[in-house]
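Here is a short briefing for a first look at this structure. Keep the sequence and the 3D view open while you read.

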Amino acid sequence: MKVPFVNLGLQYKNYKTKIIKAFDRISSKGNYILGKDLLKFEKDFAKFCGTRYAIGLGNGSDAISFSLLSLNIGKGDEVIIPANSFVATAWTVANTGAKIVYADVNNDLNIDPISVKKLITKKTKAIIPVHLTGKICDIDELIYIAKQNKIHLIEDSAQSVGAEYKNKKSGSFGITGCFSLHPLKNLHVHGDGGILTTNDKTIYEYINKIRNHGLKNRDECEFWGYNSRLDNIQAAIASIKLKSINKINNRFRKIARMYNNELKTYIEVPIDDDNRNSIFHRYIIKYSKRDKLKNYLEKKGIETKINYPIPLHKQEASKKISFKKKSLINTERLSKEILSLPIYYEMTDKQVEYVIRQIKNFFKKNLI
């Protein structure tokens with residue numbers, strides 16, 4: 001049996017008729033940019049997240065970049081981010097001119113509040129926690145730290161559309177929530193896309209302009225901005241899928257429970273506590289001999305990934321950033337143990353059972 005890591009073509013088949021209908025409707029009118037479909041998606045997404053505003057953007061990275069710019073964060077400032085994340089969390093900070101400060105992570109792969117506390121200086125202007133794998137981080141502690149030090153909290157919610165903590169959704173805790181609609185996300189469009197949430201009217205109005213060249217109307221430019229707009233066709237696709245997002249997320253959760261129940265005696269599996277309702281955008285196990293297991297599964301037709309094999313502080317782009325190696329011990333250890341198993345809405349129970357069976361066989365055959 002073959003089990004790919006993802007299968008985007010299958011999802012398209014489920015929505016094909018609705019997507020073609022929306023494409024034809026929008027194309028017939030020729031209304032591609034900043035139209036009614038985008039406004040509808042923004043309104044619906046804000047309601048879904050429990051925020052006052054949502055703004056569609058060209059990608060999730062711009063959501064972080066524009067958040068920083070809206071808060072006047074730049075040269076001479078410091079921004080704390082986890083050392084375990086995708087590179088976009090880092091370069092968005094660097095491109096403002098601010099200094100990246102890497103914090104260590106907990107065993108759940110999310111930023112460690114204790115590490116954050118130790119890194120705060122007079123120059124610290126923001127913390128960007130990443131709700132990695134669709135699990136909301138220790139957000140109460142981070143909100144407290146941010147308030148105590150009068151610094152901003154920007155959520156990198158790229159992997160966590162619909163994830164909850166104490167019945168509040170991702171993207172509703174910080175000054176902004178930054179989401180990616182990239183094809184590998186649980187809510188995705190057909191290409192790049194992003195959306196930002198906020199309750200702050202000033203930030204909302206600023207980002208509405210900065211995403212559209214800095215224009216305050218068709219002919220007047222208030223400041224030099226960017227061209228980063230989620231187009232109407234992509235917004236329509238996102239709206240179609242948003243209606244099914246709870247169903248999609250619940251399927252992810254069911255697969256995660258199947259993995260957990262069968263594999264917890266063999267490897268370390270991700271587990272929620274009572275306050276969290278994660279979406280398991282990535283199902284990441286931990287095993288000290290990860291590479292052996294990965295190679296074995298590959299031979300059995302099971303595709304896996306490592307998110308992420310090279311921590312941010314070890315990337316070549318980080319060579320000019322100073323940090324204490326001992327302060328990132330957990331991040332370095334986990335990077336050698338983590339392995340992402342296939343998990344997606346269209347994955348069948350038979351495929352899940354096959355992955356489970358092969359992992360058990362790996363241990364039964366004493367291949368460790």
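Helix 1, helix 2 (36-49) and helix 9 are among the elements that cover the buried residues of helix 8. The model is predicted.

**Helix 8**
- The buried residues of helix 8 include Ile233, Ile237, Ile240 and Leu242.
- Asn232, Gln234, Ser239 and Lys241 are also among the buried residues of helix 8.
- An α-helix has 3.6 residues a turn, so residues three or four places apart point the same way.

**The chain as a whole**
- The protein chain has 12 helices and 12 strands.
- Its 368 residues would give a compact globule a radius of gyration near 21 Å, and the chain agrees because its own value is 21 Å.
- Along the principal axes, the C-alpha atoms of the protein chain fill a box of roughly 70 × 55 × 35 Å.
- Of the 368 residues, 57% count as buried.
- Take the contacts with a separation of 6 or more: 71% of them join residues 24 or more positions apart.
- The protein chain has an accessible surface of about 17,400 Å², and carbon and sulfur atoms hold 50% of that surface.

**The largest pocket**
- The volume of the largest pocket is about 470 Å³.
- It is lined by 24 residues, and the closest to its centre are Phe86, Ala158, Ser180, Lys185 and Tyr308.
- Helix 3 (60-70), helix 4 (88-94) and strand 8 (176-180) each give two or more residues to this lining.
- By class, the pocket lining has 9 nonpolar, 11 polar and 4 charged residues.

**Cavities**
- The structure holds 2 cavities of 30 Å³ or more.
- The largest cavity has a volume of about 160 Å³.
- Of its 17 lining residues, Leu8, Leu184, Lys185, Phe252 and Tyr344 are the closest to the centre.
- Helix 1 (8-29) and helix 9 (245-263) each supply at least two residues of that lining.
- The lining of the largest cavity divides into 9 nonpolar, 5 polar and 3 charged residues.
- The second largest cavity holds about 30 Å³ of space.
- Among the residues that line the second largest cavity are Asn84, Leu109, Tyr308 and Pro311.
- Helix 11 (residues 329-335) gives the most to this lining, with 3 residues.
- The lining of the second largest cavity has 5 nonpolar, 3 polar and no charged residues.

**Backbone points to check**
- Most residues other than glycine have a negative phi, and most peptide bonds are trans.
- Which peptide bond is cis, with omega near 15 degrees? The bond from Asn307 to Tyr308 is.
- Tyr308 sits in the loop between helix 10 (290-299) and helix 11.
- Lys150 is not a glycine, yet its phi is positive, near 55 degrees.
- Lys150 lies in the loop between helix 6 (139-149) and strand 5 (152-156).
- Is Lys150 buried or exposed? Lys150 is exposed, because its relative accessible area is 77% and the cut-off is over 50%.
- His213 also has a positive phi, about 70 degrees.
- The place of His213 is the loop between helix 7 (201-210) and helix 8.
- At 34% relative accessibility, His213 counts as partly exposed.

Note on methods. Residues are numbered from 1 along each chain as its sequence is written. This is a predicted model: local features need pLDDT of at least 70, side-chain atom pairs count only at pLDDT 80 or more; totals for chains, interfaces and linings use all residues. Side-chain values use heavy atoms; hydrogens and water are left out. On a 1 Å grid over the protein atoms alone, a cavity is a set of points where a 1.4 Å probe fits but cannot get out, and a pocket is an open set with protein on both sides within 12 Å along at least five of seven lines; lining residues have an atom within 4 Å of a point. Grid points are joined across faces, edges and corners, and a volume is the space filled by probe spheres set on the points. Helices (H or I, at least four residues) and strands (E, at least two) are DSSP runs, numbered from the N terminus. Ala, Val, Leu, Ile, Met, Phe, Trp, Tyr, Cys and Pro count as nonpolar, Asp, Glu, Lys and Arg as charged, and the others, Gly among them, as polar. The radius of gyration is taken over C-alpha atoms; the globule rule is 2.2 Å times the number of residues to the power 0.38. Buried means under 20% relative accessible area, exposed over 50%, partly exposed in between (1.4 Å probe, protein chains only). Contact means heavy atoms within 4.5 Å. Accessible areas come from the Shrake-Rupley method with a 1.4 Å probe; for residues, only the protein chains shown count as cover.
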